[in-house]
Amino acid sequence: MQNRNNTEIFSLGITMAGAVSAGCYTAGVMDYLFEILDLWEKAKEGKVLEEYSDKIPKHRVRIDAMGGASAGGMTTTMAAIYALNGTVNPVKEAVNLDESKNNILYDSWVLMGENDTQEKRSLLEKLLDTKDLEKGKFNSLLNSEFVDSIADQAFLADKDVVLKQKVDQLPSYISKDLQLLFSHCFLRGIPLDVNFETSISKFGRKSVIPNHSTFEHYIVTQYRLNNGLQPDKEKYLWLNPYDKPYADTLKLSTIATGAFPIGLAFREFKTEDLGDAYLKTTIKRIITGEFGDDNPSAKNIKLKFFPKNYSSVVIDGGAINNEPYREVLSVLQHQNSKAPDDGYPRYGIIMIDPFPDRAQSQKPYSRPNDAIDVAQGIIGTLLDQSRIKRREMLETESNKYFKSIVFPRKWKTNTDNKIIGPPDTVACASAMAFGGFLDKSFRQHDFFLGRNNARNFLRYFFSFPYDKLNNDIHPIHKTWTDEMIDAFKFEKVKNSGKFYLPIIPDLYLLSESEETKLSRRTQYDIPKTPRYRPEELFKLEKKLKQRVSKIFDVIQSRDSGEHINKTTIKNAVAEKWIKKKYGKNWLDKAGDFIMSPAYGLGMFFGKRVVAKKITRMIISEILKDLGKKGLLEDNEK
């Protein structure tokens, strides 16, 4: 693809996988990516690195689409707002980490409000606060008000912002028609029907042959910048973080995709948030996979029984699709459908995944002993099945586009800079991926690990082969001079003669010596893995117990919400038989009267005992996992 100045353009899509608290790793990757793109943009304009002007590549890389689930979806929105706000302010050094950096990625994901001078409580204390339970509603195991607070802060904007003006000022590496895609799990399914009528059943009286229905619970909210102008609302949502109600809908998508089941509060999309027409369009896109097409080819999809004025409770998008890279890829495929068919990809997708799934790490088969063991495996089985990637698997060997993944790597090295052991994992992977909520140092470590991994990815892996002898040169590299090639080339096997050139040149390489380039590959801004002090968790044991106990109170007093309806009336006959057989006589009622106080007293003390046991079990499991991952401080050493 070329623009009017004959400058080659490489179209880029980014998918950010779900990660719970490890979204800080993804934020770090995006922070470094924006830093390098911004530096390159300014260098091409002659604003920086003027002494290296003859070594600055002139092609363009443009981000056309971003998407994500859960924590990745949240980071997707933050990255878009970061780009639109127009000031790239990367967090380059691990110093003064408790201070706000005026960087939405760092401040939102690492600080998480813990830099608030008015609020002295830690994030974990806020998560255990029982204020959200005071209205008698149990919405989540953890108090989720901090999520809304962070989202509100991220969406703060100056008054009278004109989106069109913001779009006109975007750098060339951000598309003026940028699209964002978020995966969601809607608890209210939308019926998809297969008609089983025959030719004869269509005649005469109304057919008694039912449609076979399945229910779609996977919904994608797809936003389009559209050059700053509102798109057709039946086809797209407007990527507008400044004006109501569009900003509110975008904020809802951002929060809702991260509504971790039970752990964090569920959310709700109402009729006015999306609209039936848009939902019908997105259902057709989900079925056909055509997210890049304004009018997906779905003539046979009637949605005959679509529920009018649709509303639904929604939970974490990762419950169904934790890595929506096919959806992002579809946008790029549609935009590049007329790209030259010369064997060189003009677009590509990067997935950022703090917890990449690995088939080779699966446990060997072990036969369950009984139904209890089987029951424990059912949820995992259903989760795996809902996330399966059939269409993506068929396209995995396609050479029409570039694809790669950024994932956590922190290699251990000796004094000679030789790799001596397996890499560490992200600190936030602990405690079922909620580890980042335990301590800010975990989030800081993982943010900078993300930056360091992004550095290595851009320098070495996000590249194309360069073979001048056989004229195997990607179009974006055809205009590179010998000086450019020498500055950025990478030889994987020394003296092999096979070189690679980056798609996005890291201009910091221009001022680094060969020795520095080599050593930086295994250098990390936070070299030591953080350690957690168990005393900090024990200090909060009382608050954790109080929250568990309060949750029991709310559940115990919960209104079942049963109302009289046709079904209840139809059950009247059954109720008569039940009452006749099991109804209480005067002796049973007298016993209830006598035993009721004792029952209440037993429940009171029993609840306290159970709450105490659950609290100790939670703390013990957290500490065991931290110890297993080498993240616990040991004062006895």
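Which residues line the second largest cavity?

## The second largest cavity

In this predicted model, the second largest cavity is lined by I14, V29, L33, I350, I352, V406, A454, F457 and L458. Its volume is about 60 Å³. By class, the lining holds nine nonpolar residues, with no polar and no charged ones.

Three elements each supply at least two residues of this lining: helix 1, strand 8 (347-352) and helix 13. Helix 13 gives the most, with three residues. In general terms, an α-helix has 3.6 residues a turn, so residues three or four places apart point the same way.

## The largest cavity

The structure holds three cavities of 30 Å³ or more. In general, rolling a probe the size of a water molecule over the atoms shows where empty space is left. The largest cavity has a volume of about 260 Å³. Its lining comprises 23 residues, and those nearest the centre are M74, M78, W109, F146 and V147.

Helix 2, helix 3, helix 5 and helix 7 (246-256) each contribute at least two residues to the lining of the largest cavity. Helix 5 provides the largest share, five residues. Divided by class, the lining of the largest cavity has 16 nonpolar residues, six polar residues and one charged residue.

## The second largest pocket

The second largest pocket contains about 890 Å³ of space. Helix 2 (71-85), helix 3 (104-111) and helix 5 (145-154) are the elements that give two or more residues to its lining. Helix 5 gives the most, with six residues.

In total, 32 residues line the second largest pocket, and D107, S108, I150, Q153 and A154 lie nearest its centre. The lining of this pocket divides into eleven nonpolar, eleven polar and ten charged residues.

The buried residues are I104, L105, Y106, D107, S108, W109, V110 and L111. Of these, W109 is among the residues nearest the centre of the largest cavity, while D107 and S108 are among those nearest the centre of the second largest pocket.

The packing partners of the buried residues of helix 3 are helix 1 (23-44), helix 2, helix 5 and helix 13 (440-461). At the start of helix 3, a side-chain oxygen of N103 comes to within 2.9 Å of the backbone nitrogen of L105. Just after helix 3, M112 adopts a positive phi of about 50°.

R267 belongs to strand 6 (residues 267-269). Is R267 buried or exposed? Its relative accessible area is 15%, under the 20% limit that defines a buried residue, so R267 counts as buried. The side chain of R267 makes a polar contact of 3.0 Å with the side chain of D148.

Leaving aside neighbours within four places in sequence, R267 is in contact with S144, V147, D148, L252, I255, A256, A259, S312, V313 and V314. One of these contacts, V147, is also among the residues nearest the centre of the largest cavity.

Strand 6 and strand 7 run antiparallel and are joined by three bridges. Within this pairing, R267 stands opposite V314 in strand 7. Strand 7 (residues 312-315) is also joined to strand 3 (residues 174-194) by two bridges, again in the antiparallel sense. Here F186 stands opposite V314. As a general point, strands of a sheet pair through backbone hydrogen bonds, either parallel or antiparallel.

An open sheet of three strands has the order 13-12-14, with antiparallel pairing. Its edge strands, strand 13 (472-473) and strand 14 (499-502), each pair on one side only.

Strand 12 (residues 463-467) pairs with strand 13 in the antiparallel sense over two bridges. Across this pairing, Y466 stands opposite I473 in strand 13.

Definitions and conventions: Residues are numbered from 1 along each chain as its sequence is written. This is a predicted model: local features need pLDDT of at least 70, side-chain atom pairs count only at pLDDT 80 or more; totals for chains, interfaces and linings use all residues. Side-chain values use heavy atoms; hydrogens and water are left out. Helices (H or I, at least four residues) and strands (E, at least two) are DSSP runs, numbered from the N terminus. Buried means under 20% relative accessible area, exposed over 50%, partly exposed in between (1.4 Å probe, protein chains only). A polar contact is a pair of N or O atoms within 3.5 Å; within protein, one must be able to donate a hydrogen and the other to accept it, and residues adjacent in sequence count only if both atoms are side-chain atoms. Contact means heavy atoms within 4.5 Å. On a 1 Å grid over the protein atoms alone, a cavity is a set of points where a 1.4 Å probe fits but cannot get out, and a pocket is an open set with protein on both sides within 12 Å along at least five of seven lines; lining residues have an atom within 4 Å of a point. Grid points are joined across faces, edges and corners, and a volume is the space filled by probe spheres set on the points. Ala, Val, Leu, Ile, Met, Phe, Trp, Tyr, Cys and Pro count as nonpolar, Asp, Glu, Lys and Arg as charged, and the others, Gly among them, as polar. Two strands pair if DSSP finds at least two bridges between them.
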